[in-house]
Amino acid sequence: MNVIRKSIFFFLLALILSSCIKRLVRPNITGRILDYDGKPIENCMVGETKTDPNGYFHLSAKTYNAFFLTEIFAMEAPPMMVGFEIKKNGYVDDNFESFHKYGGGLSKDTKWDLGDIYLRLKGETVDVTQIFKDRWKISFSKSKDTMYLVSQKLENRNLTERSSELYSLYDQLTSDYGKSDSLKKVFPIGVGSREIKLQIQYKNLEIDVLTTYMIRDKKDDSIRYSGIWNLAKDSVMTFKTSYKDLNGNFKVLKSDLFFLQLKKL
């Protein structure tokens with residue numbers, strides 16, 4: 001009887017150790033591809049699928065089987081790296097990439113909705129007066145001669161490769177926390193970060209500047225300024241505000257749907 005019990009025990013143990021569990025390679029992903037006029041792009045390649053007449057796409061979940069024994073020794077769910085190309089003839093290619101440290105352990109029913117993704121026509125120009133509206137943010141280079149502006153619509157999006165590159169140009173100039181190299185710091189000694197928010201109503205500006213300090217007992221401050229802006233000929237933006245850094249003429253070096261790079265003249 002003991003021999004039979006032992007045999008059954010070892011059989012069950014071998015069965016468990018040789019069994020597999022599902023790991024996630026990619027969740028179900030949905031979204032919509034639009035042009036810069038907000039119109040859907042049909043038959044746009046998104047990974048291995050194409051968009052429908054309304055610009056929508058769906059990528060099915062992908063999984064793999066992992067040995068139970070191997071997963072026990074790993075002690076944690078594996079990471080998940082999701083990436084795919086977005087292509088359409090006549091448009092600038094883009095990519096989506098996302099890393100999840102323990103994503104492999106998510107359910108196969110996990111869903112990601114990426115919302116709207118915009119593709120730019122090759123050679124397309126962007127009308128600054130049409131995009132520079134509502135809420136934007138600004139960062140300045142250390143010398144204050146270059147300004148990066150991002151729409152807060154970009155900040156709240158699932159960033160593709162192109163939009164992520166543009167956003168990083170702005171973001172790297174908003175904080176000195178964690179920067180050990182003094183040459184890379186953009187603010188005066190003691191200032192940790194500065195967030196500059198714009199509220200745009202036609203040609204009028206409200207500017208909120210929030211500054212945090214690395215000096216003990218020095219309180220963070222938030223100051224509101226105001227002013228106006230205008231677009232002159234030859235892609236020159238003119239600012240007249242009570243915030244000293246945001247004044248004068250700036251040349252538009254780069255423009256995108258949710259991004260502007262300006263150079264002080």
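Reader: Among contacts between residues at least 6 apart in sequence, what share join residues at least 24 apart?
Author: 57% of them do. Keep in mind that this is a predicted model.

Reader: Noted. How many helices and strands?
Author: Five helices and 17 strands.

Reader: And how much of the chain is buried?
Author: 38% of its 265 residues count as buried. The chain exposes about 15900 Å². Carbon and sulfur atoms supply 53% of that area.

Reader: Let's go inside. Which residues have the most contacts in the largest nonpolar core?
Author: Phe-132, Phe-239, Leu-246 and Leu-260. That core has 40 residues.

Reader: Take Phe-239. What is it in contact with, leaving aside neighbours within four places in sequence?
Author: Phe-132 and Leu-246 are on the list, along with Met-147, Leu-205, Ile-228 and Trp-229. Asn-247, Gly-248, Phe-250 and Leu-262 complete it.

Reader: What about another core, apart from that one?
Author: There is one of 18 residues. Ile-41, Leu-59, Val-82 and Phe-96 are among them.

Reader: Switching to Val-150. Where does it lie?
Author: In strand 11, residues 146-151.

Reader: Buried or exposed?
Author: Val-150 has a relative accessible area of 1%, so it counts as buried. The cut-off for buried is under 20%.

Reader: What does Val-150 touch, beyond residues up to four places away?
Author: Trp-136, Lys-137, Tyr-167, Tyr-170, Phe-258 and Phe-259.

Reader: And how far is Val-150 from Leu-166?
Author: 8.3 Å in space, C-alpha to C-alpha. In sequence they are 16 residues apart.

Reader: How much space is in the second largest cavity?
Author: About 70 Å³.

Reader: Which elements give two or more residues to its lining?
Author: Strand 10 (134-140) and strand 12 (191-201). Strand 10 gives the most, with three residues.

Reader: Which residues line that second largest cavity?
Author: Ile-138, Ser-139, Phe-140, Lys-144, Leu-173 and Val-186 are among them. The lining also includes Phe-187, Arg-194, Ile-196, Tyr-243 and Asp-245. By class, seven are nonpolar, one is polar and three are charged.

Reader: And the largest pocket, what volume?
Author: About 290 Å³. Helix 3 (128-131) and strand 10 are the elements that give two or more residues to its lining.

Reader: Which lining residues lie nearest the centre of the largest pocket?
Author: Tyr-36, Gln-130, Ile-131, Leu-257 and Phe-258. The lining has 16 residues in total. Seven are nonpolar, three polar and six charged.

Reader: Backbone next. Where does Tyr-202 lie, and what is its phi?
Author: Tyr-202 is in the loop between strand 12 and strand 13 (204-213). Its phi is positive, about 60°, although it is not a glycine.

Reader: Is Tyr-202 buried or exposed?
Author: Exposed, at 70% relative accessibility. Over 50% counts as exposed.

Reader: What about phi of Asp-217?
Author: Near 75°, a positive value in a residue other than glycine. Asp-217 lies in the loop between strand 13 and strand 14 (221-232).

Reader: Why does Asp-217 count as exposed?
Author: Because its relative accessibility is 77%.

Notes:
Residues are numbered from 1 along each chain as its sequence is written. This is a predicted model: local features need pLDDT of at least 70, side-chain atom pairs count only at pLDDT 80 or more; totals for chains, interfaces and linings use all residues. Side-chain values use heavy atoms; hydrogens and water are left out. Helices (H or I, at least four residues) and strands (E, at least two) are DSSP runs, numbered from the N terminus. Buried means under 20% relative accessible area, exposed over 50%, partly exposed in between (1.4 Å probe, protein chains only). Contact means heavy atoms within 4.5 Å. Accessible areas come from the Shrake-Rupley method with a 1.4 Å probe; for residues, only the protein chains shown count as cover. On a 1 Å grid over the protein atoms alone, a cavity is a set of points where a 1.4 Å probe fits but cannot get out, and a pocket is an open set with protein on both sides within 12 Å along at least five of seven lines; lining residues have an atom within 4 Å of a point. Grid points are joined across faces, edges and corners, and a volume is the space filled by probe spheres set on the points. Ala, Val, Leu, Ile, Met, Phe, Trp, Tyr, Cys and Pro count as nonpolar, Asp, Glu, Lys and Arg as charged, and the others, Gly among them, as polar. A nonpolar core is a set of buried Ala, Val, Leu, Ile, Met, Phe, Trp, Tyr and Cys residues joined through side-chain atoms within 4.5 Å.
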